[in-house]
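Student: I'd like to go through the pockets in this one. Can you take me through them?

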Amino acid sequence: MSEPTEFDDRALSLALSRVTEQAAIAAADYIGRGDERAADTAAVDAMHRELSRLDIQGTIVVGEGAEGDAPKLYQGEVVGALSCPEVDIAADALEGVTLTAKDSRNAMSVICIAPRGSLMQVPEVYMDKLAIGPGYPAGTVSLDMSPAERVQALAAAKGCAPRDIVVSMLERPRHMPMLDELRQTGASVRLLSDGDVAGVLNVAEPDLTGIDMFMGAGGALEGVLAAAALKCLDGQFYGRLLARNDDERVRAASAGFRDLSRIYSRDDLVSDHVIFAATGVTGNAMIHGIRRSPTHITTETLLMRTRTGSVRRMSYRFPRS
């Protein structure tokens, strides 16, 4: 057996962009057509096929579900050409299946890879999330703060009034008390129907997106992908696992997470160098969605590496068959 090779993020990065490109292209035929399952299946199949061609031995840490619940890209599945290096993979072939079916903004295909053992294997429960962009001192905001205190702290660090802060969150009944508190500070709140990875990603470039901070509860698995994106962009991310019932408490405990009061930082969730790729399906302020003409399909992919701090936006055009 050959010796393991070093994690070569430079060689893998462009190959990884093709993985999300092909997943997004596969989902494109289902944009606005109301068939969530078909869109998701097409994206998963395409991502799985492209991953099988990479010269990696990749373990799915964050994927489509537990083994037995998902036929492909399930947690623990080993993918790639099964040659070294060994890597962890977090992937969501189609983040925003409902958004795709409705042709609403924020649907993307996203993936990140990192050296084996460096992506936290979180259980399938919820996570309370808080994210801000780069340029602020560590600890500017905290999950231990109230929503109002977070707005006030970020406004002070930014040198503006609370009314100049824009917060993004998922529009869910569980967030209504938080929403009321935020609006009492004077802050503006942008509500998202779905897509909290895109929501977190938006805080990385507030001058482009108009979003200063993301907060609220969403899937813990998506929290790992969001942390990877902000690690590449030098933003701050904090997460705390939430168990809404006894079943989720047992699930968390079985995965080794017994202290649900612990707050995990970006670097707890993603502890080593990482490559992150996202291709827009329906697009958002950060990434254009699929664009179709009678003769061509065009995608845009955001490709980032922590080792170099590089951020690339790549446009890919190919003829329609």
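**Pockets**

Tutor: In this predicted model, the largest pocket has a volume of about 650 Å³.

Student: Which residues are the closest to its centre?

Tutor: Asp92, Glu95, Gly96, Gly219 and Glu222, out of 29 residues that line the largest pocket.

Student: And which elements give two or more residues to that lining?

Tutor: Strands β3 (86-95) and β8 (213-219), plus helices α3 (97-102) and α8 (220-233).

Student: How do the lining residues divide into nonpolar, polar and charged?

Tutor: For the largest pocket, 12 are charged, 10 nonpolar and 7 polar.

Student: Where does the largest pocket lie relative to the domains?

Tutor: The largest pocket lies between domain 1 (9-118 + 273-319) and domain 2 (126-269), because both give residues to its lining.

Student: OK, the second largest pocket. How much space lies in it?

Tutor: About 220 Å³. The lining of the second largest pocket has 14 residues.

Student: Which of those lie nearest its centre?

Tutor: Val61, Gln75, Gln121, Val122 and Pro123.

Student: Which strand gives the most to that lining?

Tutor: Strand β1 (residues 57-62), with 3 residues.

Student: What's the split by residue type there?

Tutor: In the second largest pocket, 7 lining residues are nonpolar, 4 are polar and 3 are charged.

Student: And where does the second largest pocket lie?

Tutor: Domain 1 (9-118 + 273-319) and domain 2 (126-269) both contribute residues to the lining of the second largest pocket, so this pocket lies between them.

Terms used: Residues numbered from 1 in each chain as written. Predicted model: local features only at pLDDT ≥ 70, side-chain atom pairs only at ≥ 80, totals over all residues. Heavy atoms only, no water. 1 Å grid on protein atoms, 1.4 Å probe; cavity = no way out; pocket = protein on both sides within 12 Å on 5 of 7 lines; lining within 4 Å. Points joined across faces, edges and corners; volume = space filled by probe spheres on them. Helix = DSSP H or I, 4+ residues; strand = E, 2+ residues; numbered from the N terminus. Nonpolar A, V, L, I, M, F, W, Y, C, P; charged D, E, K, R; others polar. Domains from an automatic or database assignment.
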